[in-house]
Amino acid sequence: MTIGIGLLGLGTVGAGVAAILATPQGRHPLVADLELKRVAVRDLSRPRPVAIAEELLCTDPEAVVDDPAVEIVVEVMGGLEPARSLILRAIAAGKPVVTANKAVIARYGDEIAAAAKARGVYVLIEAAVGGGIPIIEPLKQSLGGNRIQRVSGIINGTTNYILSRMADEGADYGAVLADAQQLGYAEADPAADVQGGDAADKIAILAGLAYGGPVDRAGIATEGIDRLEARDVDYAARLGFVVKLLAVAEHVGQADDGAQQLDVRVHPTLLPKHHPLAGVHGVNNAILVEGDPVGQVMFFGPGAGAGPTASAVVADILNIAGIRQVGGPAAGLDPLLAASSWNRCRLVDGLDSHHRNYLRLLTRDEAGVIGQIGSCFGAAGVSIQSIVQYETDGPGAEIVVITHQVQEARFRGALAAITALDAVETVAACLRTL
Ligand code: NAP
Ligand code: HSE
């Protein structure tokens, strides 16, 4: 019995999916039962890396969703609209959906999950986070018995690829970004990668699964790598750190009204070289889940690109196909495979969070400057771990400070006082440090 697949998009990911479906030999036997029935693209004349029968291609994605031969809709076109409407249209028609679209799921996941539950269809999203790494189903299923304390990770392949090459080769930011686009890692608009929005979408999804309720995507504090300077990557290395774009969702408490309070954020971070995430290089991603009672579990693998992402998409299709072949969910949707909410989640502003900091200051090069900076930190109760002055080409001094772990509010107080010092010309960089 074949199962008809409708593909919305035949770009990097769509072509990867089509390539797997066209070569079932040596894969799970169910792959041979999946048949591509129709494919929507924007431009019929564009050359494709996979051979697709011409009659399957069209430029009308609604026609793909509505085609009676299409039983599972695979949305890999990206963007918010028409992707969201097409997913809802498939659900309304009773067709299960597989999507890699984290932008849509992070913003409309609740609406989509509610529609899917009401209609009794699955919407599976394994490819939306971590490319080829299985992380969605493990969070939904395998780790379900835990209280999750923290989910942290490198979840954007493009930025990790850029940072790795900047650190290893001193490569130029713009040139490496162009390579990442060429390799199919970057989003259609790579601003989503380098400004941290893509990682924020993904951590919103992971937090929603880990803590059982939708997270306000717009409230996630987000900083990308687009303003990161090569000299900070270099100084970090000299001080024993690696710079990574980290996404973190941390449980900080429970509000009086029962809502889970979460600190969710994305920012470049200095990781000590021995940290488990520091050795994650290139396009690889890794997600560290800390739970009670499991302890630390780390998921690692390629976080972007055609093959890895298609691997995750096809796994979701197989999940749905497998259920279909045994006659569908007998008594409603499997609650572990379907998305479910059981909590309310609220974001906190992070001023109470504790962490170390890296600060690079451009100052006048004169007696007493380091003392004044030290006094500002001391007055705010911030302890300094190290303070180093580096040579500059100009007349001023460049001072790099690493603090001990401190409450964010205290650190900001010290920073305001330091910025106001006459001898301090610029706060050139301020980065979190684990
Ligand atoms: P892509 O290479 O830009 O491909 C998008 C495809 O969708 C293209 O085939 C395009 O047609 C088609 N398309 C776009 N808008 C359309 C419309 N209105 N009507 C018909 N077809 C339309 O994007 P991608 O990299 O494959 O990413 C697809 C999705 O997967 C995105 O949500 C992305 O965030 C997600 N994702 C990507 C990766 C990755 O590594 N690339 C990894 C995980 C998740 P044309 O080819 O004719 O232009
Ligand atoms: N642009 C994304 C990344 C694709 O670089 O991680 C994978 O989601």
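Me: Taking a residue as near a molecule if one of its heavy atoms lies within 4 Å of it, which residues are around ligand 2?

Reply: This is a predicted model. In it, the residues around ligand 2 are Lys-102, Asn-156, Gly-157, Thr-158, Tyr-185, Ala-186, Glu-187, Asp-193, Asp-198, Lys-202, Gly-303 and Ala-304.

Me: How does that shell divide by class?

Reply: The shell around ligand 2 has 5 charged, 4 polar and 3 nonpolar residues.

Me: And what lies 2.7 Å from a nitrogen atom of ligand 2?

Reply: A backbone N or O atom of Tyr-185 does, and so does a polar side-chain atom of Glu-187. Asn-156 has a side-chain N or O atom 3.4 Å from an oxygen atom of the ligand.

Me: How much of ligand 2 does the protein cover?

Reply: On its own, ligand 2 has 260 Å² of accessible area, and the protein covers 94% of that.

Me: Which elements give two or more residues to the shell?

Reply: Helix H6 (157-169) and H9 do. H9 spans 197-211.

Me: OK, ligand 1. Which residues come nearest?

Reply: Asp-43, Arg-46, Arg-48, Glu-187 and Gly-305, out of 25 residues around ligand 1. Glu-187 is also among the residues around ligand 2.

Me: What polar contacts does ligand 1 have through its oxygen atoms?

Reply: Among them, a polar side-chain atom of Arg-48 is 2.6 Å from a ligand oxygen. From the backbone, a polar atom of Gly-305 lies 2.7 Å from an oxygen of ligand 1, and an N or O atom of Gly-11 lies 3.0 Å from one.

Me: Where does it sit relative to the domains, and why?

Reply: The second largest pocket lies between domain 1 (3-132 + 306-342) and domain 2 (140-302), because both give residues to its lining.

Me: Which element has the largest share of the lining?

Reply: H4, with 10 residues. Helix H4 (102-119), helix H5 (136-142), strand S7 (147-154) and helix H9 (197-211) each supply at least two residues.

Me: How many of the lining residues are charged, and how many nonpolar?

Reply: 5 are charged and 26 are nonpolar; the other 11 are polar.

Me: Last topic, backbone. Where are there cis peptide bonds?

Reply: One joins Glu-81 and Pro-82, with omega about 10 degrees. Another joins Asp-292 and Pro-293, where omega is about 15 degrees. For context, most peptide bonds are trans.

Me: Which loops hold Pro-82 and Pro-293?

Reply: Pro-82 is in the loop between strand S4 (72-75) and helix H3 (83-92). The loop with Pro-293 runs between strand S11 (284-292) and strand S12 (295-302).

Key: Residues are numbered from 1 along each chain as its sequence is written. Chains are lettered from A and ligands numbered from 1 in the order in which they are written. This is a predicted model: local features need pLDDT of at least 70, side-chain atom pairs count only at pLDDT 80 or more; totals for chains, interfaces and linings use all residues. Side-chain values use heavy atoms; hydrogens and water are left out. Helices (H or I, at least four residues) and strands (E, at least two) are DSSP runs, numbered from the N terminus. Ala, Val, Leu, Ile, Met, Phe, Trp, Tyr, Cys and Pro count as nonpolar, Asp, Glu, Lys and Arg as charged, and the others, Gly among them, as polar. Domain bounds come from an automatic or database domain assignment. A residue is near a molecule or strand if one of its heavy atoms lies within 4 Å of it. A polar contact is a pair of N or O atoms within 3.5 Å; within protein, one must be able to donate a hydrogen and the other to accept it, and residues adjacent in sequence count only if both atoms are side-chain atoms. Accessible areas come from the Shrake-Rupley method with a 1.4 Å probe; for residues, only the protein chains shown count as cover.
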